[in-house]
Amino acid sequence: VNEAMYRNGKSYDVFKNVIVRNCVIWNDWGKCLEIGAETRGKEIFNILFEKCDVIHVNGSPLDCCNVDYADVHDIEYRNINIEYDDVVPASKIQTADNESYINDNSEYCPEIIRVTVEFNHEYSAGGTRRGINRNITFKNIRLFGRHEPKIFCKGYDEKHKTKDIVIDNLYWNDRLITELDDNILVPGEFTENIRLVATDLFELK
C-alpha cells in the first residue's frame, strides 16, 4: 500500500479538504454520495457534500462504507434533497447473459443514511486492518416519497467503532423527524453517540 501511495518523494495516504456541491445525482446502481468503500489511507477527513439533489437511487444515497483502515472523520452532508420512487429497484448481480431482472420486493427501500465499518471480501485490501468512523454530520436532509427514512450504523469491534454521528434536521415529506425510533434507526453493533437534533431551522446557505 505504501508503494502504491508513493509519488515524487512523498506518500499520499491522506485524503482531505474536498467539497462536492450543486450536483444532481441519478444512480442506477450502488451508493450516491459516498465515502468508500475503498478506504486505504491513514485519514479521510474534512469532506463536505452540500446543496445536492438525489433524484433516483437503488442504494443508500448518503453513505460511509469504511472497509479498510482509514480514520474517517469530520465529514458533513448538508442541505441534501432526496427522492425515492414509489418502487425502488433493488440491486442484483446478473449471473448469466440470458437472465432478466425481476424486482421481487416492491417494499424494498435502502437506508437514507448508512455509516459502517466492516470487512468486504472484494474491497478490504488492507487485510485484517480496520478503520474508524467519527464526527460525521447529516444536516438539513430532506427525503420525499412514500418510504419512511431508515438509518443504519455499525462498527466492527470495540476498537473500530462508528461514533459521534449527528443527524441535524431530517425531514420526510416536509415533516420534521423528532425521534429516532426503531422504525427509523436500525440498531447495529459497536456504535456510540448517535443522536438526533430537531431544530427545524432549514436554511439554504
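Residues are numbered from 1 along each chain as its sequence is written. In this predicted model, local features need pLDDT of at least 70 and side-chain atom pairs count only at pLDDT 80 or more, while totals for chains, interfaces and linings use all residues, and side-chain values use heavy atoms, with hydrogens and water left out.

The protein has one helix and 15 strands (DSSP runs, H or I of at least four residues for helices and E of at least two for strands, numbered from the N terminus). Its C-alpha atoms fill a box of roughly 50 × 50 × 35 Å along the principal axes. Of the 205 residues, 43% are buried (buried means under 20% relative accessible area, exposed over 50%, and partly exposed in between, with a 1.4 Å probe and protein chains only).

The count of salt bridges comes to 14 (a side-chain nitrogen of Lys or Arg within 4 Å of a carboxyl oxygen of Asp or Glu). Arg142 forms one with Asp174, the closest N and O atoms being 3.0 Å apart. This pair links distant parts of the chain, with Arg142 in strand S10 and Asp174 in the loop between strand S12 (162-172) and strand S13 (175-176), 32 residues apart. Arg142 is buried at 14% relative accessibility, whereas Asp174 is exposed at 54%. Through shared partners, salt bridges join Arg21, Glu50, Glu76 and Arg78 into one network.
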